[in-house]
Amino acid sequence: MKRIIIYFSLEGNTEYIADELAKVLPADKLKLVPKKAYSTSGFSKFFWGGKSAVMAEKPELEAYDLDVSAYDEIILGFPVWAGTFTPPLRTFILENKENLKNKTIAAFACQSGSGAERAFSKLKDCIGITSFAATAIFIDPKDKPSEDNTHRLSEFCQML
């Protein structure tokens, strides 16, 4: 089975989990990069990122070379913004929606607060699926390593 981890990471937490997954699971990785970067500090980080997520914006992404149809399993990773998944992931899904059909799809979310369960639900709706092969929620994994996150990572890998 061919697998890829596709993710967006603003502050490195989601990228940290993508890297840890790739150490355990045989998988390629694709980091989504918006052409216009999001702010990473202060009020503007929360205001513009939250607005972008709530308004379901679809930012233009830096070019990526990927044939989604070549993969059997897709793992999507994102930070939770305003109770939903991040706009760069939305752009990717809409650009590749047809090729995501009939794939095994799993997802992981990184958050500081809450909202991941609601974000998973919105992500399923966007993709057009009824369930994920597996999901996992990580609390500030890079910034605040914990046994809980390590355990969640192990469980997530076992489900895949």
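The model is predicted: local features need pLDDT of at least 70, side-chain atom pairs count only at pLDDT 80 or more, and totals for chains, interfaces and linings use all residues. Residues are numbered from 1 along each chain as its sequence is written, and side-chain values use heavy atoms, with hydrogens and water left out.

**Helix α1**
- Helix α1 spans residues 13-24 and has 12 residues. Helices (H or I, at least four residues) and strands (E, at least two) are DSSP runs, numbered from the N terminus.
- From first C-alpha to last, α1 reaches 17 Å, close to the 16 Å expected at 1.5 Å a residue. That expected span is 1.5 Å times one less than the number of residues.
- N13, T14, I17, A18, E20 and L21 of α1 are buried. They cover an arc of only 165 degrees around the axis, so they lie on the same side of α1. The arc is that of the directions from the helix axis to the C-beta atoms.
- Buried means under 20% relative accessible area, exposed over 50%, partly exposed in between (1.4 Å probe, protein chains only).
- These buried residues pack against β1 (3-7), β2 (28-31), β3 (73-79), β4 (104-111), β5 (135-139) and α5 (147-159). Contact means heavy atoms within 4.5 Å.

**Residue D140**
- D140 sits in the loop between β5 and α5.
- D140 counts as buried, at 9% relative accessibility.
- Leaving out residues up to four places away in sequence, D140 touches N13, Q111, S112, P145 and N149.

**Cysteines**
- The structure has zero disulfides (pairs of cysteine sulfur atoms within 2.5 Å).
- C110 is buried at 4% relative accessible area.
- C157 is buried at 12% relative accessibility.
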